[in-house]
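Here is a short briefing to read alongside the model.

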Amino acid sequence: MNITNLSKIALSALMRNKFRAFLTMLGIIIGVASVIAMLAIGEGSKKSIQQQISSMGSNLVMVMPGSQMMGGVQQGNASSKALETRDVTAIREACPSITAVSPEVRGGGQVVAGGNNWPTTFYGGDVNYLDIKKVEVKAGRMFTEQEVNAAAKVCLIGQTVADNLFGTEVDPVGQTIRFRNIPVKVIGLLEEKGENTFGMDQDDLLIGPYTTVQKRILAITHINAILSSAVSEEATTQAVTEITAAMRASHRQAEGEEDDFQIRTQAELVSTFSSISDILTTLLGAISAISLLVGGIGIMNIMYVSVTERTREIGLRMSTGGRGRDILMQFLIESVMLSVIGGIFGIVLGVVASSVIGNLTGWPIAVMPEAVALSFVVCTAIGIFFGWYPARKAANLNPIDALRFE
Amino acid sequence: MKKEIISIHQLRKDFHVGEVTVHALRSVDLSIREGDFVAIMGTSGSGKSTMLNILGCLDKPTSGSYLLDGTDVSNLSKNELARLRNLKLGFVFQSYNLLPRTSALENVELPLFYNNSVKPRERRERAMAALGAVGLADRVHHMPNQLSGGQQQRVAIARSLVNDPVVILADEATGNLDTRTSYEIMALFQDLNAKGKTIVFVTHEPEIAGFTTRNVHFRDGSIVKQHAVENPGSAREMLTTLPVETD
Ligand SMILES: Nc1ncnc2c1ncn2[C@@H]1O[C@H](COP(=O)(O)OP(=O)(O)OP(=O)(O)O)[C@@H](O)[C@H]1O
Ligand SMILES: [Mg+2]
């Protein structure tokens with residue numbers, strides 16, 4: 001008997017017990033739907049983290065003081081040395097793979113305007129600081145080179161700080177605020193960036209010339225970090241090599257000595273967080289896969305019932321010339337149909353659920369075609385695996401015993 | 001002399017139930033030739049069904065030989081036996097054994113499904129022809145539960161015919177039917193036999209056996225008597241003598 005005929009028989013057998021077939025499929029439907037939804041959510045959150053990280057700056061390469069850390073543990077015994085503005089100059093002169101470099105100085109403190117005050121962080125940078133960090137000016141202007149040289153008491157204000165100090169009515173540009181009691185003039189308002197994936201408000205900040213933050217506010221001579229932009233994502237590795245060399249020269253480090261600074265790149269950050277999110281996705285997927293397994297056991301159970309119920313039918317089929325193989329295939333196709341039809345419903349449900357969750361969380365939820373294809377393969381496999389024993393039981397029946405079965 | 005379709009020699013069949021051994025058949029010799037219409041008779045438990053199941057290759061004898069249409073079936077594999085049942089044998093059961101919720105036509109098509117050389121078109125045509133031959137041309141799309149017992153048995157007969165077997169095996173095919181319907185079914189079998197079909201028919205009703213051409217009597221698993229029927233009655237004629245049912 002050929003596959004088409006066997007499929008017809010299997011389908012009509014299922015149609016005879018529609019509700020039972022549906023209940024049996026339910027296990028598979030829920031299993032497949034949750035696998036697809038979980039993978040989509042995992043993938044969506046990963047993409048969202050990647051977007052967040054890339055919005056932190058353009059191909060950012062950061063230099064920070066301190067020797068290389070691994071899992072929070074200092075490696076080796078190399079001393080760390082504070083970063084200084086001449087390191088920035090050294091990098092600017094020696095590294096062709098970067099387009100921009102800026103020092104970063106930051107300090108936390110209370111900011112006051114009128115009767116309102118608000119705790120925030122004041123970041124200091126060079127004139128290209130906003131480009132490196134991918135921040136736009138919404139109103140007003142960026143500070144100038146002269147203002148950097150003069151350590152002018154000017155700043156750009158983040159939306160959160162502006163809202164808390166001035167409310168929504170007053171235009172913050174042109175106002176004077178006091179940060180740690182030092183009056184600073186607001187010359188621009190920054191474009192909103194919202195919260196990042198880690199729940200940090202990226203609009204809760206002030207940005208001004210690094211000289212201002214360094215000398216007038218913190219009264220320090222070093223800088224906290226050096227930010228630079230590689231010419232492209234691929235050039236990041238090259239940039240790291242160049243910056244390392246420039247930094248070692250600037251710090252006069254001997255050969256064989258360990259770096260007394262550390263370099264972090266955006267690409268590195270992306271891969272770290274991607275791998276965390278991959279682990280989560282795998283975990284969620286594995287938990288959902290268990291429900292798929294339970295669904296498969298449900299199919300096996302109902303196939304056993306079906307074989308027992310239809311023992312006389314099996315006997316009749318054998319008496320009219322059905323071979324063991326024909327009977328085996330008939331029941332196998334029936335169980336594969338159960339699981340594959342369940343799988344199709346599950347895929348539909350999973351896609352719908354994913355997009356609903358996507359709308360609720362605002363994540364770029366992406367249903368992976370691989371997940372859909374995999375579900376299909378897995379469902380077929382489940383049908384064959386869990387249908388095999390009941391089908392074989394049917395195929396191995398003795399014709400006369402099957403015919404006489406009551 | 002006509003060709004020998006069934007040749008049985010020294011056939012035995014024992015059943016073991018717990019400690020007890022039941023000798024259902026003890027040294028049976030039987031020969032059935034092409035065109036025979038044989039009634040197998042005997043009291044309940046005498047081994048008639050056991051005999052028929054072995055003839056139908058549904059069960060294997062404990063010992064003895066069985067040649068079906070020249071083939072020794074004792075050494076055949078399960079698949080070869082299935083093929084033999086498909087091509088050479090047709091069954092009619094007491095309880096019809098139709099597939100539920102499956103139309104008469106599809107029930108009749110069943111044996112052809114297991115015959116790969118028959119294409120879908122031919123399958124349909126042959127099933128229609130078989131249903132026509134049993135007088136059910138107007139019931140092809142009915143489900144078994146929409147047919148009377150007699151009609152269901154006709155569908156079963158059509159199913160046994162459709163693959164053009166060398167022999168039709170019927171076990172108490174009229175056992176569930178009233179007299180009139182039994183005669184109708186017997187008339188059908190007589191027609192088939194008149195066209196040359198070999199039929200083995202198990203019954204314990206002498207009246208029914210009177211429509212066949214040869215009677216074989218079983219007792220305690222052995223053949224005790226067999227004889228040709230002189231002037232077998234015509235079931236169709238008998239039907240006309242039955243009083244017309246009035247309510
Ligand atoms: N599967 C079986 N297991 C054990 N004993 C069996 C089995 N089948 C038949 N028998 C025994 O074999 C004997 C013959 O049974 P069989 O069914 O052939 O009788 P029968 O002539 O068809 O009777 P009836 O007219 O009542 O149908 C009986 O004694 C029965 O109990
Ligand atoms: Mg019997």
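Which residues does Ser103(B) touch, leaving out those up to four places away in sequence? They are Val140(B), His141(B), His142(B) and Met143(B). Please keep in mind that this is a predicted model.

**Around Ser103(B)**
- Ser103(B) sits in a loop of chain B that runs between strand S6 (89-92) and helix H3 (104-113).
- Its relative accessibility is 5%, and because buried means under 20%, Ser103(B) counts as buried.

**The six-stranded sheet of chain B**
- Chain B has an open sheet of 6 strands with mixed pairing, and the order is S6-S7-S8-S3-S9-S10.
- At the edges are S6 and strand S10 (222-228) of chain B, each of which pairs on one side only.
- From one strand to the next, the twist averages 20°.
- Helix H2 (residues 78-88) of chain B packs on this sheet, where it touches S6 and strand S7 (167-171) of chain B.
- The direction of H2 makes about 75° with that of S6(B).
- Within the sheet, strand S3 (residues 37-42) of chain B runs parallel to strand S8 (residues 198-202) of chain B, and 4 bridges join the two.

**Strands S1, S4 and S5 of chain B**
- Strand S1 (residues 4-17) of chain B and strand S4 (residues 63-68) of chain B run antiparallel and are joined by 5 bridges.
- On S4(B), Ser65(B) is the bridge partner of His9(B).
- S4(B) also pairs with strand S5 (residues 71-72) of chain B, in the antiparallel sense and over 2 bridges.
- In that pairing, Leu68(B) stands opposite Thr71(B) of S5(B).
- S4(B) and S5(B) form a hairpin with 2 residues between the strands, and Asp69(B) takes a positive phi near 50° there.

**Nonpolar cores**
- The largest nonpolar core has 69 residues.
- Those with the most contacts inside this core are Ile6(B), Ile8(B), Met51(B), Leu55(B), Tyr66(B), Leu68(B) and Val200(B).
- The element that gives the most to this core is helix H11 (residues 324-361) of chain A, with 10 residues.
- Leu68(B) is worth a look: beyond four places in sequence, the residues it touches include Ile5(B), Ile6(B), Cys57(B), Leu84(B) and Val167(B).
- Another core, of 57 residues, lies apart from the largest one and includes Ile91(A), Met142(A), Ala162(A) and Leu189(A).

**Chain A as a whole**
- Chain A contains 13 helices and 12 strands.
- How does its radius of gyration compare with that of a compact globule of 406 residues? Chain A has 33 Å, whereas such a globule would be near 22 Å.
- Along the principal axes, the C-alpha atoms of chain A fill a box of roughly 105 × 60 × 30 Å.
- Of the 406 residues in chain A, 49% count as buried.
- Among contacts in chain A with a separation of 6 or more, 79% come from residues 24 or more positions apart.

Conventions. Residues are numbered from 1 along each chain as its sequence is written. Chains are lettered from A and ligands numbered from 1 in the order in which they are written. This is a predicted model: local features need pLDDT of at least 70, side-chain atom pairs count only at pLDDT 80 or more; totals for chains, interfaces and linings use all residues. Side-chain values use heavy atoms; hydrogens and water are left out. Buried means under 20% relative accessible area, exposed over 50%, partly exposed in between (1.4 Å probe, protein chains only). Contact means heavy atoms within 4.5 Å. Two strands pair if DSSP finds at least two bridges between them. Axes are lines fitted to C-alpha atoms, for helices over the stretch in contact, and angles run from 0 to 180 degrees between N-to-C directions. The radius of gyration is taken over C-alpha atoms; the globule rule is 2.2 Å times the number of residues to the power 0.38. A nonpolar core is a set of buried Ala, Val, Leu, Ile, Met, Phe, Trp, Tyr and Cys residues joined through side-chain atoms within 4.5 Å.
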